[in-house]
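Good morning, colleagues. Please look first at the sequence and the structure, and then we shall go through them together.

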Amino acid sequence: MAGITIYPDSRSLVEGAAGRIAELASRSVAERGRFTIALSGGATPRPVYARIAEDDLAGRIDWPSVHVFFGDERCVPPDDERSNYRMAGEALLATVALPRDNVHRIHGEDDPAQAALACEQEMQRLFRTSQTPALDLILLGMGGDGHAASLFPGTAALRERERWVVPQYVGALAVWRVTFTAALINAARHIIFLVEGAGKAETLCRVLEGPYEPDVLPAQLIQPVAGELHWLVDAPAAARLRPGRWA
Ligand code: 6PG
């Protein structure tokens, strides 16, 4: 069962999301000695990352015990303005005491298939397992078309059951992406969707309350095997949801 928290506006959503992430980081390090997180790209999470970078939250996190991955990446160089790695670096990673080796970026400048394989191999080394690793937290956004990470409608990546990270040509955008698969995402201990703005209201209602049609609405594929799924949304994005249906 997914939980959902509806914040009155985007500012309180940013504050609430940043606080939850910092709390999860502190708890994970206390319980397991480290915190492994996959960051999302797009516009929504940027102010959340910047809020985490502020002293009152950043000071609560033992950064040398944190490992940062990316739930997806655009196939562009790391200094390209479209790069999720560049966005996260500017908003957060460059300002906190995170060891460089703890940032496991997807090499968007490389051949997509090679970049996907390299990311999986880096995970195998860190998690020392051939089983699907359980990251502590995977952050996701939701596109207006219902995509999550770079799991876009009608793409082969939606049907991938074994691989953890795959390359995917996205015809609708005429671009290559590298993305976590639903199999990897659903193995996480915690999954948080960050959704804001009236423009997402119709899609959020279809994803949460409509028929199960994951090939059309890939965000519906995100159903943690044993972890917790939480939607953090602002009131405009939640405007079409059935009143009282969600905690
Ligand atoms: C990306 C993201 C993507 C994003 C959604 C929502 O690489 O763009 O991973 O899945 O989360 O497109 O983006 P916004 O937050 O900009 O609406």
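Which side chain has an N or O atom 2.7 Å from an oxygen atom of the ligand? One such side chain is that of Asp 72. Before I continue, please note that this is a predicted model, in which local features need pLDDT of at least 70 and side-chain atom pairs count only at pLDDT 80 or more, while totals for chains, interfaces and linings use all residues. Residues are numbered from 1 along each chain as its sequence is written, and side-chain values use heavy atoms, with hydrogens and water left out.

Let us stay with the ligand. A polar side-chain atom of Thr 44 is found 2.6 Å from a ligand oxygen atom, and for Lys 200 the distance from a polar side-chain atom to a ligand oxygen atom is 2.7 Å. Of the 420 Å² of accessible area that the ligand has on its own, the protein covers 86% (Shrake-Rupley method, 1.4 Å probe). There are 15 residues around the ligand, each with a heavy atom within 4 Å of it. Among those that come nearest are His 147 and Ala 149.

I now turn to Leu 208, which belongs to helix α7, residues 201-209; helices here are DSSP runs of H or I with at least four residues. Leu 208 is buried, with a relative accessible area of 14%, where buried means under 20% with a 1.4 Å probe and protein chains only. Beyond four places in sequence, Leu 208 touches Ile 4, Trp 231, Leu 241, Arg 245 and Trp 246, contact meaning heavy atoms within 4.5 Å.

Methods: Helix = DSSP H or I, 4+ residues; strand = E, 2+ residues; numbered from the N terminus. Buried < 20%, exposed > 50% of the residue type's maximum accessible area, 1.4 Å probe, protein only. Polar contact = N/O pair within 3.5 Å; in protein donor to acceptor, adjacent residues only side chain to side chain.
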